[in-house]
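Welcome! Here is a short briefing to read alongside the structure, arranged by topic so that you can look up each part as you go.

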Amino acid sequence: MQKISAEQLDILNEIGNIGAGNAATALSQLMGTMVDMSLPWTKLCLIEEGCELLSRPEAVGVGIQIALEGQVSGMTLLTFSEESALHILEAFGDMLPDKSLLSEMARSALMEVGNIVTGSFATAISEFLHTTAWCTPPLFIHDFFDAFVCSVVVSGCQETDHVLVFKTELFVGGKALQSDLAFMPTKEAFHLIMRKLEATRG
Amino acid sequence: MGKKILVVDDAAFMRMMLSDHLTKAGFEVIGHAENGAVAVTKYKELRPDMVTMDITMPEMDGIQAVKEIKKFDPTARIVMCSAMGQQHMVMEAIQAGARDFIVKPFDVARVVQAVTKALA
């Protein structure tokens with residue numbers, strides 16, 4: 001396990017805060033309502049702990065899986081509880097007549113939310129590294145957390161065993177919604193991040 | 001009659017939103033495409049006045065689709081729809097012949113301005 005100092009974790013947390021701020025602005029514009037986003041914590045951990053942090057036993061959730069390309073490449077997974085996903089769909093109002101998780105349009109709207117959140121965090125990381133990252137088309141998952149979280153995390157960790165977890169809280173229409181974003185970097189991206197963190201050690 | 005527009009995006013929700021903005025602004029959305037390959041086929045079939053083109057799509061991406069459409073019709077008017085982190089792709093699309101770009105999530109005024117300018 002690659003150890004990082006409290007100070008380096010602060011830097012990752014700060015990057016996450018920038019991502020959360022940008023995501024909130026873009027989500028407000030997309031949904032036409034005030035959206036805020038906070039970041040209770042960030043953690044760099046190994047696969048097993050990553051699975052535990054993201055999983056919610058016996059609960060059904062929604063996952064948006066997006067591969068990142070560019071120099072900050074890797075796999076990402078954004079998760080919401082089913083209730084949170086439905087609340088987000090409600091916030092779209094008249095824009096979205098059918099708010100069922102089975103509707104193609106509702107799924108597409110949630111994938112766009114995933115694009116925005118993941119893209120905002122990826123941009124914050126890539127700007128910190130002075131390099132590039134962009135999202136590829138998302139995959140929509142609606143299943144028990146136990147059925148998809150670990151398989152996505154493990155398949156994303158082909159090159160390193162490390163997972164960067166951002167614990168986020170979305171505030172939509174006055175309600176706080178739990179959401180997690182996991183980034184499983186490629187070896188190249190992981191080394192880029194670690195080198196930069198080493199270089200910024202005070 | 002409003003100018004005819006082909007909306008290309010792999011996300012059904014974004015096609016719906018963009019079509020809604022354009023229709024309300026007086027344009028006529030004559031077709032949708034969910035990837036670059038379908039966009040090229042529909043361009044040839046529908047001959048729109050203008051295309052809004054997403055960048056990241058499965059099958060064929062928006063940049064390749066711009067190149068194919070420009071090969072078929074060098075006068076084609078295309079506005080790119082980009083997401084965060086895609087500045088370098090926007091540049092490549094502009095070099096391939098796209099006229100302008102709009103950034104997601106869409107701001108209605110900016111969409112109308114870019115499309116109007118590209119049609120001028």
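Ile5(B) stands opposite Met50(B) in strand E3 of chain B, and its bridge partner in E2(B) is Val29(B). Keep in mind that this is a predicted model.

**Strand E1 of chain B and its partners**
- E1(B) covers residues 4-8 and is joined to E3(B), residues 50-54, by four bridges.
- Those two strands run parallel, and Leu6(B) is paired there too, with Val51(B) of E3(B) as its bridge partner.
- E2(B) is joined to E1(B) by five bridges, and this pair also runs parallel.
- E1(B) is mostly covered, with four of its five residues buried.
- A right-handed β-α-β unit is made by E1(B), helix H1 (residues 12-24) of chain B and E2(B).

**The whole sheet of chain B**
- Follow the strands across and you meet them in the order E2-E1-E3-E4-E5, five strands that form an open sheet with parallel pairing.
- The edges belong to E2 (28-33) and E5 (100-103) of chain B; each has a single partner strand, so one side of each is left without a neighbour in the sheet.
- From one strand to the next, the twist averages 20°.
- As a general point, strands of a sheet pair through backbone hydrogen bonds, either parallel or antiparallel.

**Helix H2 of chain A**
- Which residues of helix H2 (residues 47-54) of chain A are buried? They are Gly50(A), Cys51(A) and Leu54(A).
- Looking down the axis of H2(A), you would see these buried residues fall within an arc of 100°, so they line one face of the helix.
- The buried residues of H2(A) pack against strands E1 (35-46), E3 (74-81), E6 (162-172) and E7 (175-185) of chain A, and against helix H5 (145-156) of chain A.

**Where the chains touch**
- Between the two chains, 22 residues of chain A are in contact with 16 residues of chain B.
- On the side of chain A that touches chain B, the elements giving two or more residues are helix H1 (6-31), helix H4 (104-128) and strand E4 (133-135) of chain A.
- Of these, H4(A) gives the most, with 13 residues.
- Sorted by class, this side of chain A has 11 nonpolar, nine polar and two charged residues.

Definitions and conventions. Residues are numbered from 1 along each chain as its sequence is written. Chains are lettered from A and ligands numbered from 1 in the order in which they are written. This is a predicted model: local features need pLDDT of at least 70, side-chain atom pairs count only at pLDDT 80 or more; totals for chains, interfaces and linings use all residues. A residue is buried if 20 or more other C-beta atoms lie within 10 Å of its own, exposed if 12 or fewer, and partly exposed in between; C-beta atoms are placed from the backbone. The arc is that of the directions from the helix axis to the C-beta atoms. Two residues are in contact if their C-beta atoms, placed from the backbone, lie within 7 Å. Two strands pair if DSSP finds at least two bridges between them. Axes are lines fitted to C-alpha atoms, for helices over the stretch in contact, and angles run from 0 to 180 degrees between N-to-C directions. A crossover is right-handed if, with the strands pointing away from the viewer, the path from the first strand over the helix to the second runs clockwise. Ala, Val, Leu, Ile, Met, Phe, Trp, Tyr, Cys and Pro count as nonpolar, Asp, Glu, Lys and Arg as charged, and the others, Gly among them, as polar.
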